[in-house]
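Please read it alongside the model.

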Amino acid sequence: MIKVLLAEDQGMMRGALALLLELEDDIEIVAQLGSGEEIVPTALEVRPDVALLDIELPGRSGLDAAAELHERLPSCTVLILTTFGRPGYLRRAMESGAGGFLVKDGPVEELAGAIRRALEGERVIDPALAADALSAGPNPLTRREQEVLTAAADGSTVADIAARLHLSGATVRNYLSAAIGKTSTRNRMEAVRAARRNGWL
């Protein structure tokens, strides 16, 4: 049996996925989780063969958990399953050691097949998304620029962002200006939207 850990924050979607996957003769769902913080501790306890992770989870993103799982439980193959097929997310997933990246709008038979193929060592990636990721190129934002843009997303002032990130106002303005330039946008809110659209935040 292929033991699968499933992390999905929407209860109905999580239950439906678990039910459909367990109809497969060779798949057993050993854990169903609703938050990102539970992924690594639960995986270390139940030792799944495959971790099927959403990206946007409460507490911690599936991408962050994937990177830690890759380090601490290398025997577990990680598959990212998300609604958000963004090129930057795919790139980050592959960099974190994920064995595949799929969007949720495919049939469940394809998902079961992807689980089996990933477990055999094949990289399983949605073909259209792979093409988009190649054309989008790598994330041009530095880690600090990403942090400052994320802090700016709620409309915070430069002073608020500076206080939150322990930076000077001038440094925050410099990072915002660099991010606006790199995303070819006119202001910081447009830069936030562009970065999110590409999966860079």
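1. E68 is partly exposed, as its relative accessible area is 22% (buried means under 20%, exposed over 50% and partly exposed in between, with a 1.4 Å probe and protein chains only). This is a predicted model, in which local features need pLDDT of at least 70 and side-chain atom pairs count only at pLDDT 80 or more, while totals for chains, interfaces and linings use all residues. Residues are numbered from 1 along each chain as its sequence is written, and side-chain values use heavy atoms, with hydrogens and water left out.

2. E68 belongs to helix α3 (residues 62–72); helices are DSSP runs of H or I with at least four residues, strands runs of E with at least two, numbered from the N terminus. The side chains of E68 and R72 are joined by a polar contact of 2.8 Å (a pair of N or O atoms within 3.5 Å; within protein, one must be able to donate a hydrogen and the other to accept it, and residues adjacent in sequence count only if both atoms are side-chain atoms). Neighbours within four places in sequence aside, E68 is in contact (heavy atoms within 4.5 Å) with V40, R60 and L73.

3. The C-alpha atoms of E68 and S96 are separated by 8.1 Å, with the two residues 28 apart along the chain. S96 is situated in the loop between α4 (87–95) and β5 (100–103) and counts as buried, at 8% relative accessibility.

4. The S96 side chain reaches the backbone oxygen of A93 at 2.7 Å. Leaving aside neighbours within four places in sequence, S96 contacts L63, A66, A67 and H70.
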